[in-house]
Amino acid sequence: MSSTTTLTETTEVQRLIALTMIDKVGPKTSRSLIQHFGGVDGVFMAKKQHLERIPYVGHKIANAITSKQCLLAAEQEIEYAQRHKIKIVSWEDERYPRKLKEIDDSPLVFYCAGDLPSTDRPHIAIVGTRMPSAYGRKVAAEFASYFARLGIVVVSGLAFGIDMEAHVATMTSGGCTMAVLGHGLDQVYPREHTLKASEIVGSGGALITEFPFKTQPEAFNFPARNRIISGLCDAVVVVEATEKGGALITAKMAFEQNREVFAVPGNIGVSTSLGCNRLIRDHIAKLTCGPQDVLDSLQYLLKYKTDNTHDRRPRASHQLSEREQLIVDALIGAGPLDVDQLESATRIPSIDMRGILLGLEFRNIVESAPGNKYVVEG
C-alpha cells in the first residue's frame with residue numbers, strides 16, 4: 001500500500017490486523033474502539049480527538065491510528081502470509097474456533113499454518129512442566145494417545161517436556177494436534193522443535209498464533225499464548241507442574257474461562273508435583289487418574305455438541321476403527337443397547353467401551369437413549 005492509498009482500498013481484515021499491530025492495543029481495547037465507532041472502518045475514519053476520548057486510548061495510540069502507518073504494516077503481513085501459505089483468520093471468519101470466541105479477550109485475528117480442525121470437534125489441552133519425569137512423559141503420552149484415538153483434538157504449546165510428549169503421541173496415534181505459539185509464524189521456538197512443527201502441519205494439524213510475523217518469543221508473550229490454549233479447549237489436563245510454571249497459568253485461565261480443569265496428582269516431595277497437587281487442593285482442578293476420568297466428566301458436552309453441530313455428515317463418510325464398526329453394527333442390528341449388552345455383543349471390555357462410545361457420540365455417529373442405552377443416529 002502506497003502512502004497515497006485511501007482507506008476504502010483496504011480490506012476489513014487488513015484494518016483488523018492494523019489495529020492489533022498498534023502497541024498497547026489489546027483485544028479488549030480493540031473491541032471498545034470497534035463498538036464505539038460502529039466497526040473497524042469507523043475506527044480508522046475517526047478524528048484524533050474523538051479517539052482520545054475512549055478509555056485506555058491516549059495521544060500515542062490515537063496518533064498511531066490516524067497516521068495509517070499500521071495499515072501499511074498490515075498489508076505487508078498479508079503479503080508475507082500469502083507467500084508462505086499462512087492463513088489469517090479474523091473473528092468474523094467462519095473458521096474461527098467457536099470455543100475461542102467465548103472468552104472476553106479472544107484475538108481479533110490469528111495466524112494459522114496448517115488446517116484448522118472443525119470447531120465441532122472436542123478439543124482438550126495437555127500441558128505441564130518443561131522438565132518432566134519419565135513417569136510424567138509416560139502419562140502425557142497415554143492421555144494424548146487415548147484422546148487422539150477418539151478423534152479429540154489435542155492442544156498444547158510446542159514447548160519442551162509435557163507439551164511435546166502430547167504433540168508427538170497424538171501424531172503417532174493418527175490424531176490431530178494444534179500448537180499455540182508465543183511468537184510470529186516466521187520462526188519456531190524452541191528451534192529444536194522446527195522439524196516437529198513441520199510434522200504437526202504435515203499430519204493435518206495446525207500451528208497458530210495471534211502474534212504478527214517477526215514477533216520474538218519474549219517471556220511476556222507466553223501468558224497471552226496460554227489463554228488461547230485454554231480458550232480453544234473444552235478441558236485442560238495438567239500432567240506435571242511446578243508451583244509457578246506456565247502450566248499453572250494455563251490452568252487458572254481455564255478455570256476463569258469456565259473450562260474443565262484436571263490435574264494428575266503426584267508425590268508431595270517432588271517439585272514438579274507441587275503445582276498439580278495445589279490445583280487439586282484449591283479446587284481449581286479435578287483429580288484425574290486416567291483419561292477416562294476426563295471423558296466421564298465431559299459427558300455434559302455431548303448434548304452441546306449434538307445441539308450445536310452444523311456438520312452432520314452421513315455415517316458412510318466417517319472412517320471407523322474395527323472396534324467402532326463392531327459397536328455400530330451391533331446397534332444397527334439390535335439397538336438400543338446398554339454398555340453391558342454391547343460388551344456381550346462385541347467382546348469389547350466395558351473399560352474401553354465407554355471411551356469409544358463417547359468418541360462416536362462426539363462425531364454424531366451414535367446418541368444416548370433412555371435407560372443409559374445407545375442407538376445409531378438416524
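Which residues of strand β6 (residues 206-209) are buried on one side, and which on the other? I looked this up in a predicted model, where local features need pLDDT of at least 70, side-chain atom pairs count only at pLDDT 80 or more, and totals for chains, interfaces and linings use all residues. Residues are numbered from 1 along each chain as its sequence is written, and side-chain values use heavy atoms, with hydrogens and water left out.

**Entry 1: strand β6**

I found A206 and I208 buried on one side of β6, and L207 and T209 buried on the other. Buried means under 20% relative accessible area, exposed means over 50%, and partly exposed lies in between (1.4 Å probe, protein chains only). Strands here are DSSP runs of E with at least two residues, helices are runs of H or I with at least four, and both are numbered from the N terminus. In a regular strand the side chains alternate between the two faces of the sheet.

I then looked for the partners of β6. Strands β2 and β6 run antiparallel and are joined by 4 bridges; two strands pair if DSSP finds at least two bridges between them. T209 in β6 is the bridge partner of Y111. Strand β5 (residues 177-180) pairs with β6 in the parallel sense, over 3 bridges. There, L207 in β6 stands opposite A179. From β5 the chain passes through α10 to β6, a right-handed β-α-β crossover. Right-handed means that, with the strands pointing away from the viewer, the path from the first strand over the helix to the second runs clockwise.

**Entry 2: the whole sheet**

I noted an open sheet of 9 strands with mixed pairing, in the order β1-β2-β6-β5-β4-β3-β7-β8-β9. Because β1 and β9 (286-287) each have a single partner strand, one side of each is left without a neighbour in the sheet. β9 pairs with β8 in the parallel sense over 2 bridges, and L287 in β9 is the bridge partner of A263.

**Entry 3: K87**

I found K87 in strand β1 (residues 87-90). Is K87 buried or partly exposed? K87 is partly exposed, with a relative accessible area of 26%. A polar atom of its side chain lies 2.4 Å from the backbone oxygen of G114. Leaving aside neighbours within four places in sequence, K87 is in contact (heavy atoms within 4.5 Å) with R95, F110, Y111, C112, G114 and D115.

**Entry 4: R259**

R259 sits in the loop between α12 (246-256) and β8 (260-263). I found R259 buried, at a relative accessible area of 6%. Which backbone oxygen does the side chain of R259 reach at 2.8 Å? That oxygen belongs to K99, and the side chain of R259 also reaches the backbone oxygen of Q257 at 3.0 Å. Not counting residues up to four places away in sequence, R259 touches residues including E102, S230, C233 and D234.

**Entry 5: the nonpolar cores**

I took a nonpolar core as a set of buried Ala, Val, Leu, Ile, Met, Phe, Trp, Tyr and Cys residues joined through side-chain atoms within 4.5 Å. The largest has 39 residues, of which L19, F44 and I65 touch the most other members. α6 gives the most to this core, with 5 residues. Another core, of 33 residues, lies apart from it and includes I229 and L279. In soluble globular proteins, nonpolar side chains tend to be buried together.

Conventions: Polar contact = N/O pair within 3.5 Å; in protein donor to acceptor, adjacent residues only side chain to side chain.
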